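Hi,

Here is the structure I promised to pass on to you. Have a look at it first, and then read my notes below with the picture open beside them.

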Amino acid sequence: MSEEPVPQAIRKLQPGRLVIASHNEGKVREIRALLAPFGIDPISAGALDLPEPEETGTTFIANAELKAMQAADLSGLPALADDSGLCVEALNGDPGIFSARWAGPERDFGLAMQRVHNKLVEAGPEAGRDAHFVCALALAWPDGHIECFEGRVDGTLVWPPRGEHGFGYDPMFLLNGESETFGEMDPDRKHAMSHRADAFAKLVAAVF
Ligand SMILES: O=c1nc[nH]c2c1ncn2[C@H]1C[C@H](O)[C@@H](COP(=O)(O)OP(=O)(O)OP(=O)(O)O)O1
Ligand SMILES: [Mg+2]
């Protein structure tokens, strides 16, 4: 069996030598699963006790960049950050970059999903249920070099939420063409077709 050539960057990303600049367990789990086929076993920002930066950016990319740069700076290791969110067409893209903040300080996504639903009810019966997830990934190197990639998937919102898998808004998101919400889907299936998988494929194509 012939071996795949090992590209330059993957040699630099040695096991235990990449930080996932996220404090969200659900995301860290998904990013670990996406990196596993490359033999990369990353360290999480939480395990390194890195602080959670304030997300002052006005775009997903800007927030991913600031999280990745801070983690690379403080750890001296390459750092991968993810800034993501749910954008609802009838709500002009809300909650968007504020998706985590809609869950309040307790990060209660039952509450966040209820808020989305309430706003759609307020918007009236003609407001559609179309929505998309966005994932911006930023890979920052300790020398200051940074690379960014954005992924997206389109779907519709269901009510009530369905399923116990995943995290965040997964139980109310139905990917176009699917019958199970991201919350009902087997995690491997979600990892293969999510916005995070889309962004990750772009990162792999460019970096690895
Ligand atoms: O696949 C997903 N399935 C469901 N919900 C999702 C997903 N991807 C992002 N989301 C929602 C929830 C999350 O909390 C927020 C991201 O906010 P975002 O600031 O990027 O992440 P976060 O504050 O949870 O962790 P951190 O900034 O430490 O990476 O969007
Ligand atoms: Mg955040």
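**Notes on the sheet and its surroundings**

Strand 5 and strand 6 are antiparallel partners, joined by three bridges. Within that pairing, L157 stands opposite F173 of strand 6. Please keep in mind as you read on that this is a predicted model.

On to the neighbouring pair. Strand 4 and strand 5 also run antiparallel, and eleven bridges link them. One place to look is A138, whose bridge partner in strand 5 is C148. These two strands form a hairpin with five residues between them, and there G144 has a positive phi near 100°.

In what order do its six strands lie? The order is 2-1-3-4-5-6, in an open sheet with mixed pairing. At the edges you will find strand 2 (43–44) and strand 6 (173–175), each of which pairs on one side only. Strand 1 (residues 19–20) runs parallel to strand 2, and two bridges join them. In this pair, I20 faces S44 of strand 2.

Helix 3 (residues 60–75) touches strand 1, strand 3 (79–88), strand 4 (130–140) and strand 5 (146–157), and its direction makes about 160° with that of strand 3. Helix 6 (residues 195–207) touches strand 3, strand 4 and strand 5, and its direction makes about 155° with that of strand 5.

**A closer look at helix 3**

Helix 3 has 16 residues, so at 1.5 Å a residue it should span 22 Å; its end C-alpha atoms are 23 Å apart, which agrees.

Which residues of helix 3 are buried? They are F60, N63, A64, E65, L66, K67, A68, M69, A71 and A72. The cover over these buried residues includes strand 1, strand 3, strand 4 and strand 5.

Apart from its neighbours within four places in sequence, A71 is in contact with V19, A21, A45, L50, A79 and A81. Take A21 from that list: A71 and A21 are 50 residues apart in sequence, yet their C-alpha atoms are 5.9 Å apart in space.

**Around the ligand**

Next, please find ligand 1. It is surrounded by 23 residues, and the closest are S22, N24, S99, A100 and G168. Which strand gives the most to this shell? Strand 3 does, with five residues. Sorted by class, the shell around ligand 1 has six nonpolar, nine polar and eight charged residues.

**Some backbone details in the loops**

Most residues other than glycine have a negative phi, and most peptide bonds are trans.

- D49 is not a glycine, but its phi is positive, about 60°. D49 sits in the loop between strand 2 and helix 3. Is D49 buried or exposed? D49 is exposed, because 7 other C-beta atoms lie within 10 Å and the cut-off for exposed is 12 or fewer.
- N92 is not a glycine either, and has a positive phi of about 55°. N92 belongs to the loop between strand 3 and helix 4 (109–123). With 8 C-beta neighbours inside 10 Å, N92 counts as exposed.
- D94 and P95 are joined by a cis peptide bond, with omega about -5°. P95 lies in the loop between strand 3 and helix 4.
- W159 and P160 are also joined by a cis peptide bond, and here omega is near 0°. You will find P160 in the loop between strand 5 and strand 6.

That last stop takes us back to the strands we began with, strand 5 and strand 6, which pair in the antiparallel sense. Enjoy exploring, and write back with any questions!

Best wishes

Note on methods
Residues numbered from 1 in each chain as written. Chains lettered and ligands numbered in written order. Predicted model: local features only at pLDDT ≥ 70, side-chain atom pairs only at ≥ 80, totals over all residues. Pairing = 2+ DSSP bridges. Helix = DSSP H or I, 4+ residues; strand = E, 2+ residues; numbered from the N terminus. Contact = placed C-beta atoms within 7 Å. Axes fitted to C-alpha atoms, helices over the stretch in contact; angles between N-to-C directions. Expected span 1.5 Å × (residues − 1). Buried ≥ 20, exposed ≤ 12 C-beta atoms within 10 Å, placed from the backbone. Near = placed C-beta within 6 Å. Nonpolar A, V, L, I, M, F, W, Y, C, P; charged D, E, K, R; others polar.
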